[in-house]
Amino acid sequence: MLGAKASKNATLTLVFLSILKGVVGFYSGSASLIADAIHTSLDIFTSLAVWIGLKLSMRGSEEKFPYGYYKADNLVSLFVSIIILFSGVELVREALLNIASPVEIKLQGIALGTAVFSVIAMYALSQYKFKVGKQIDSQALIADALHSYTDVFSSLIVAITIIGSLLGVLWLDSAGVLVISLMIFKLGIGMAKDSILTLMDAWLDKDSIERIRQNVGSIQGVKTVDEIRLRKSGLVVFGEIEIEIEGDASLKRVEMLFEEIEKTVKNEVKNLEHLVVNVKPEKISVMKIAVPVLMQEGLHSKVSRHFSKAPYFIFIELENNDIISWDVSENPAAGLEKKKGLKAAEFLKDQGVNVLIAGEIGEAPFHTLRDNFVKLLQMPEEIEDVEQVVKKVSELNTLTAPTE
């Protein structure tokens, strides 16, 4: 795994730097260089903890942990923030000691070279971990990279201390360390807050929720987006979204909708591990029913059993099983030689129909209407009057396949 490899490489680099600074600090008499070596040693422990956390988070799920060990990464991130705060306390303590008893540094050239090399190495290391952390979206590795970035300033303070010793200004070290310690405290508190909120399943990116709501709501067939819940667990994200769809939909269409919704959410959320889509049908207060008919006699028109060949369609608006309005229109596809059914289906779709009562319907219009969430009902054999058909609309069977 890329994240675990990055943490391992960082640990080996920190071991080398801590030994180098410790040895040079001991022989040069630089208390700040020795302190920086101790500080780097803490980073070794932190990097090891991150590496262990990443390893644990990638373990598969099991009966006791059905959602896997992903949150081990978040726990380690919290631990890293505590280490950062501890490091800040240590830096303050060292600064106060240096103010009380400043020491002139020996082997100043070697000590300064070591400090400058440490600045460059720590900066490169922090950028390396940050890049990998962003690539795999690891909160713990990014936190560790930010911690390493504070070590750049820590090593820079050491370099300033040695330059101050060369110039006879010994108090520069203590002043600089106090400033950096405030930055470390701010960083550590912010990271601890984010880690705790993530462990409590808080989702911090509110803008992404709004973008998902808008993008999912624009998918054809989705009426409204009710609830969106996201939670981060280690490297991955688990989500749940509740939508209301237009009319009735076949299982195949629901599956297609799920694929579109999942793709949309993945465009906004990295490392989406699992998404639950809860689908509920639209609550239709007013149904607009289409019935193919043979003549223009309103509700007393004789029904046409053949969908595409019917000369007219009657459109009826039904609310609480009561007819509130009706209108008869010519079927623009009746006189066509080819694709009658498809053209008639497109006409009904444009009219905003959500229910069609038909006897015979071909494959093309059947799927066109179903894919556009129009409910298809079987016209009864024994009834020929439109008004009688509409009165029995709640009793009619649903067409589940083309009849031609």
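**Helix packing and aromatic pairs**

Trainee: Is the passage of α9 past α10 a left-handed or a right-handed crossing?

Mentor: This is a predicted model, where local features need pLDDT of at least 70, side-chain atom pairs count only at pLDDT 80 or more, and totals for chains, interfaces and linings use all residues. Residues are numbered from 1 along each chain as its sequence is written, and side-chain values use heavy atoms, with hydrogens and water left out. A crossing is left-handed if the near helix is turned anticlockwise from the far one by less than a right angle, right-handed if clockwise. For α9 passing α10, the crossing is right-handed.

Trainee: Are α9 and α10 roughly parallel or roughly antiparallel?

Mentor: Helices are DSSP runs (H or I, at least four residues; strands are E, at least two), numbered from the N terminus. The axes, lines fitted to C-alpha atoms over the stretch in contact, with angles from 0 to 180 degrees between N-to-C directions, come within 7 Å for α9 (residues 340-350) and α10 (residues 363-371) and cross at roughly 20°. Under 35 degrees counts as roughly parallel, over 145 as roughly antiparallel, 65 to 115 as roughly perpendicular, the rest as oblique. So α9 and α10 are roughly parallel.

Trainee: Which residues of α10 make the contact with α9?

Mentor: Contact means heavy atoms within 4.5 Å. On the α9 side sit G341, L342, A345 and L348. From α10 come A364, P365, T368 and L369.

Trainee: Is the F16 and F117 pair edge-to-face or stacked?

Mentor: Rings of Phe, Tyr and Trp (its six-membered ring) pair if their centres lie within 6.5 Å; planes under 30 degrees apart are stacked, over 60 edge-to-face, the rest tilted. F16 in α1 (residues 2-28) and F117 in α4 (residues 108-136) are 101 residues apart. Their centres are 6.4 Å apart, with 85° between the planes, and the pair is edge-to-face.

Trainee: Is F313 buried or exposed?

Mentor: F313, in strand β5 (residues 312-319), pairs with F347 of α9, 34 residues apart. Buried means under 20% relative accessible area, exposed over 50%, partly exposed in between (1.4 Å probe, protein chains only). At 0%, F313 is therefore buried.

Trainee: Which residues share one aromatic cluster?

Mentor: The F313 and F347 rings have centres 6.4 Å apart and planes at 40°, so this pair is tilted. The cluster includes both; its members are F307, F313, F315 and F347.

Trainee: Which residues does S118 touch?

Mentor: S118 lies in α4. Its relative accessible area is 1%, so S118 is buried. Not counting residues up to four places away in sequence, S118 touches L17, K21, D36 and S155.
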